[in-house]
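Trainee: I would like to check the terms used for this model against their criteria. Please go through them with me one at a time.

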Amino acid sequence: MAEIRTEELLMNIGPQHPSTHGVLRVVVKVDGEIIRDAEPVVGYLHRGTEKLAEDLQYTQIIPYTDRMDYLGSMLNNHAIVNAVEKAMDLEVPERAEHLRVIVVELNRIASHLVFLGTYLLDLGAMSPFLYAFANREKIIDLFNRICGARLTFNYMRVGGVKWDAPEGWVQDVLDFVTHLRKEMNMFHELVTGNEIFLERVKGVGIYDADTALNYALSGINLRSTGFNWDLRKNKPYSIYDRFDFNVITGKNGDCYDRYMCHLDEIVESMKIVEQAAQQIPDGPVMGKVPKILRVPAGEYYAAVEGARGELGLYIVSEGKDKPYRIKWRRPSFVNLQILPKLLEGQSMSNLIAVLGAVDIVLGEVDA
């Protein structure tokens, strides 16, 4: 029988592919159904956030952070105000700290629900998407009441938060936690034991802790390998050291572990929200801060645990009201770098399963 002649083929996945969650383009070299090489092409959403910040006062930068990881805007707000407060050694009122923790952890839950819904949708399951977004909508409604926005919140300020919670809001947060706790069982019944889902994700996209560290991965992409690292525990900031919660880790570092870490982290975030809401004191929501913020001359770095990993801000200041230079450590951008290694040797059918489990947001990748 004559040998069949084949050749490698270059394919473009994106930038308008429905499963790339934004405008990511992946150039894939395939041999039949097997991926030989993959190259992410980024930059389609680049807006020059860091350069723009050089002409803005620190408070004016906060709305720009909403556009980075637009699924975790509260976390982005927290990253910049936390960095400036540490650089200026400012105190934040207790009530504001509790409100921050509540909205940040609610936003982490909302972001993980988007992961859950869209990941399952990528793999061909429609119902989990509807249930996940129905619950996320309840969080967005809570955000709308406290800050007047549903996506770009611009809620935090250096020294506190923009507004206090409206009457009854804290109790509604506690009621939502009770509701979501019941819903989590439904997600496990609907998805976690599904044999088709398990076939798509178990043993797919595996890497170990050493590989994750060599790629500087953080967040769930690191913890899914079993490496226990969470800035809320390992380098506590805000008032996280007062709350009882566990750091969720996986075992095998595959797509299934990353899925499970997302679900289990929702449960842990609910614990934090519940404790913060029960302990929230009365008092002011803004501390004493200068009208014009001038970070002392020098270089500073501070980070928070974002929904996708270590979200850090490096500030170079000349002592003026605007930064000389800022640099964001964006977890989505860093975590995306491992994608070519994960895809090499995989079948094309696994591409979306692997990419979806890395859980990137293109607004944060490109900034």
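Mentor: Start with a pocket. In this predicted model, α7 gives the most to the lining of the second largest pocket, with 3 residues. At least two residues each come from α5 (127-147), α6 (169-192) and α7 (195-201).

Trainee: How do you know that a residue belongs to the lining of the second largest pocket?

Mentor: A lining residue has an atom within 4 Å of a grid point of the pocket. The residues that line the second largest pocket include Leu120, Leu190, Ile196, Phe197 and Arg200. The volume of this pocket is about 160 Å³.

Trainee: What classes do the residues of the lining of the second largest pocket divide into?

Mentor: The division is 8 nonpolar, 3 polar and 1 charged. Arg counts as charged, and Arg200 is in the lining. Gly counts as polar, and Gly124 is in the lining too.

Trainee: What makes a space a cavity and not a pocket?

Mentor: In a cavity a 1.4 Å probe fits but cannot get out, whereas a pocket is an open set. The count comes to 2 cavities of 30 Å³ or more.

Trainee: Which elements give two or more residues to the lining of the second largest cavity?

Mentor: They are α4 and α5. Among the lining residues are Tyr70, Asn107, Ala110, Arg136 and Ile140. By class, this lining has 6 nonpolar, 1 polar and 2 charged residues.

Trainee: Why is Arg100 called buried?

Mentor: Buried means under 20% relative accessible area. Arg100 has a relative accessible area of 1%, so Arg100 is buried. Arg100 lies in helix α4 (residues 94-122).

Trainee: What lies 3.0 Å from a polar atom of the side chain of Arg100?

Mentor: The backbone oxygen of Gly160 lies at that distance, 3.0 Å. The cut-off for a polar contact is 3.5 Å, and the Gly160 pair is within it.

Trainee: How many bridges join β2 to strand β3?

Mentor: There are 7, and β2 and β3 (residues 34-41) run antiparallel. Lys29 stands opposite Asp37 in β3. β2 and β3 form a hairpin with 2 residues between them, and Gly32 in the turn has a positive phi of about 70°.

Trainee: Why do β1 and β3 stand at the edges?

Mentor: The open sheet has the order β1-β2-β3. β1 and β3 each have a single partner strand, so one side of each is left without a neighbour in the sheet. The twist averages 20° from one strand to the next.

Trainee: What makes β6 and β8 edge strands?

Mentor: The order of this open sheet is β6-β7-β8, with antiparallel pairing. β6 (298-306) and β8 (325-329) each pair on one side only. On average, neighbouring strands here are turned by 15° against each other, direction ignored. β6 pairs with strand β7 (residues 309-317) over 9 bridges, and Gly306 has Gly309 in β7 as its bridge partner.

How values were computed. Residues numbered from 1 in each chain as written. Predicted model: local features only at pLDDT ≥ 70, side-chain atom pairs only at ≥ 80, totals over all residues. Heavy atoms only, no water. Pairing = 2+ DSSP bridges. Helix = DSSP H or I, 4+ residues; strand = E, 2+ residues; numbered from the N terminus. Axes fitted to C-alpha atoms, helices over the stretch in contact; angles between N-to-C directions. 1 Å grid on protein atoms, 1.4 Å probe; cavity = no way out; pocket = protein on both sides within 12 Å on 5 of 7 lines; lining within 4 Å. Points joined across faces, edges and corners; volume = space filled by probe spheres on them. Buried < 20%, exposed > 50% of the residue type's maximum accessible area, 1.4 Å probe, protein only. Polar contact = N/O pair within 3.5 Å; in protein donor to acceptor, adjacent residues only side chain to side chain.
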